[in-house]
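Me: I am new to this structure, and I would like to go through how some of its descriptions are reached. Could you take me through them one at a time?

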Amino acid sequence: MDDSLRSPARYQFPLARTLSWGCLLLFALLSAAHAEDLLWPLGGEKSITGGFADTRPDHFHGGLDIHTGPEHLPVMAPADGWIERIQIVPPGYGHVLYFRLPDGRTAVFGHLDHFNPVLEKMMRDSQLVTGSCSVDLLFDKPAPERQFQRGDVLAYTGHSGAGPAHFHYEIREGAVQTDPLLYYGPHDNQPPKILSVRWTTLSDFSPSDIGQPILGGGGKKGRRAPGGNAISASAPVAFFVQAYDPGPWGRNATPYVMRVKVDGLPVYEDTTGRINLAGPRNIYEKTVWPFKSGKHNDLWRLFDEPAPPEYQDSARDGRGWLSHLNHADVTIEIGDRGGNVTAAHFTVTSGAWPRVTPKPLPREIRIGEFCLDTKSDPVAAWARITELGSDEISIGPAGFAFSGKTKLCHCLRDLERKQGAFVYERGGKSIRAQWPSLSEAGDTLSCQILRGGIYGVGFDHEPPLLTLSAKGDRLGFHLTDDLSGVDYTALRCTVDGLTAIADFEFEERGGDIWTRQPLNRGAHEISFTAADRAGNSRTWHETVMLR
């Protein structure tokens, strides 16, 4: 989004006035860039259950979720194009297709049940070669068997991957996820809503800081906070905002852009309507998690989180912090996908950035056998680690979130204890195993974490439990592992000596056993290998009767 949003004539707080100026030009530019209308891939089904950039416990949602129910609805090509990727990832999108559009964008369809017969055969052939349910087929150019016309059926909806039955739809520009609603009607004529604006100072800031209200405060739109519209502080000042876009789609959406201006000039911009998968992954620090835990609407930081005072560097940490101001006009603008903008205005006086020579950021924080690999992340320097025992730590303060995924390591000094080790996150009395990795030397176990909490290293010495079943003319299986969890990548299966595919469904921890040819009634010999995330593996040899 360019700077075509121009400041209107100044007006007095507390009115949060809707602005309709040159933003229409912005929407016209978007429409011109994507002039070809895209066909909605699910026909008449448009019940949106998850919006673009919704905050989830471990990510921002990069597309739309559409209700489908138990029916397998046809997924149609939104334009002429070709399949550039076929992927099966049980813990994530499940069965997913990547479809290249004529202008170079990519439409992504996730949580599918099965594909068009031609694509289904490609997928099954690849599975049979590797013996694994996981597939990732990448194509760098079109081919006749992977080319489809607008309206052709590419696949059918299902409930593969994580979550209940639904359809995930996104449109990417290279590595940038964009909101599909940008390319479909109806046009959004409703302006965004600002629920509250809060502010803080550099000297008061901490990761759990939610600021003090100047507009709204308690979530009541337009309520004037004590002190009016003037802010005066001896340190640099920054803002938080609560806002949403009502939109015409029957569900509130995340704003497309949030911007701070000083005397009409932009000093900070956050385009939440575009998520760059190849760019800085600072999406977790944008939302204030202590505020979210109170079940409020999202509170967004309109600034980069600074390092603790001893590491603060204005050149590195200063984005969004307003310093050296004397009764300056500050504007907070919230824009939506249709080019509508709502703004609030304040008068700000603020001090200078502290004159100190910052210490270099620590590359790691160590306590006991644990190590938090902070590298150059200023936010990670706020982390406080408390040892709860030789195999468990607490990372605080409460509600603390890193700016991106951060590596947590544990040194396995006792060689006898390496077998069966896994990393977990504790929530109450339950534990949730993380996906671990082991160093080349085999003496360090690590995983990626996003937020504070209680983490530890557990030990699992038992392989998963397997149940085989006959369901009509099909074979099925169910796997459980209560400690470290099932490693779906390790599944291998043969039926009557021939490679078969164990179709792993993440939520059910099991699924059907697929064979190239239909199975006749009678006894069938099954060899099944499974492992857990702690590395415990087992192979079963069983006879199952189809009646």
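Me: What makes Ala162, Trp435, Tyr488 and Phe506 count as residues that proline 91 touches?
Reply: In this predicted model, a contact means heavy atoms within 4.5 Å, and proline 91 touches Ala162, Trp435, Tyr488 and Phe506 when residues up to four places away in sequence are not counted.

Me: Where is proline 91 placed, and why is it called partly exposed?
Reply: Proline 91 sits in the loop between strand S7 (81-89) and strand S8 (94-100). Its relative accessibility is 25%, and because buried means under 20% and exposed over 50%, proline 91 falls in between and counts as partly exposed.

Me: How far apart are proline 91 and glycine 163, in sequence and in space?
Reply: The two are separated by 72 residues in sequence, while their C-alpha atoms lie 9.2 Å apart in space.

Me: Which classes of residue make up the lining of the largest cavity?
Reply: The lining has six nonpolar, three polar and three charged residues; residues that line this cavity include Trp249, Asp179 and Asn252, and since Trp counts as nonpolar, Asp as charged and Asn as polar, each class is represented among them.

Conventions:
Residues numbered from 1 in each chain as written. Predicted model: local features only at pLDDT ≥ 70, side-chain atom pairs only at ≥ 80, totals over all residues. Heavy atoms only, no water. 1 Å grid on protein atoms, 1.4 Å probe; cavity = no way out; pocket = protein on both sides within 12 Å on 5 of 7 lines; lining within 4 Å. Helix = DSSP H or I, 4+ residues; strand = E, 2+ residues; numbered from the N terminus. Buried < 20%, exposed > 50% of the residue type's maximum accessible area, 1.4 Å probe, protein only.
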